[in-house]
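Q: I'm new to this structure. Can you walk me through a few parts of it?
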Amino acid sequence: MTQRPTPDAGGYTTLSTRTAYENPWTRVREDIILRPNGREGLYGVVERGDFVVILPLWEGPDGPRVTLIRQYRYPIQKRMWELPMGMWEHRPDATPEDVARGELREETGLLATEMRDAGLMYQGAGYTTQKGRAYLATGLTQGAHEREVTEEDITCHTVPLSEMEAMILDGRITCMVTIAAFGLIRARGWI
């Protein structure tokens, strides 16, 4: 089954596609492609739902502070410093802002009066279709978290904004999505 390239397909044509693996969160497909140079190739594509990442910002007399989470990431066998983030595979109809508010409450217990959409980003366009939106959450109040079973090891830490930036610079924060969200929000002049 040869598919014709779309106008923005970069000259690539999909010759065939098959699902190599699938679970409720991830689908891996294998495409046989025809490259612009006329040669056939193979592309493995990871399909995942859209995600959100939230920078919870506290304003206070001592300056701005950010709530980070720390959790164990099984694939790399390490605990990571991150901003709250996630996706709702069980609610594909939810708006990104609803997901952002829900993930913030779920992981940290924080409620925000204002949620500002900083923009879209792709997590790894070379291998996955997954994209997400970054949000700045302000007007925060602390409530009880509602963590899922897979999130029970999460701990929350509120640090000065300057400390978060230092953590990025010295390599304590290595989460690509966290760093990208920080940069996008900083580029907008919101922090």
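A: Helices (H or I, at least four residues) and strands (E, at least two) are DSSP runs, numbered from the N terminus. The model is predicted: local features need pLDDT of at least 70, side-chain atom pairs count only at pLDDT 80 or more, and totals for chains, interfaces and linings use all residues. Residues are numbered from 1 along each chain as its sequence is written, and side-chain values use heavy atoms, with hydrogens and water left out.

Q: Which residues of α2 are buried?
A: Leu161, Met164, Met167 and Ile168. Buried means under 20% relative accessible area, exposed over 50%, partly exposed in between (1.4 Å probe, protein chains only).

Q: Where on α2 do they sit?
A: On the same side, because they cover an arc of only 115° around the axis. That arc is taken from the directions from the helix axis to the C-beta atoms.

Q: And what does the face turned away carry?
A: The exposed residues Ser162 and Leu169.

Q: New topic. Where does the largest pocket lie?
A: Between domain 1 (13-47) and domain 2 (51-188), because both give residues to its lining. The domain bounds come from an automatic or database domain assignment.
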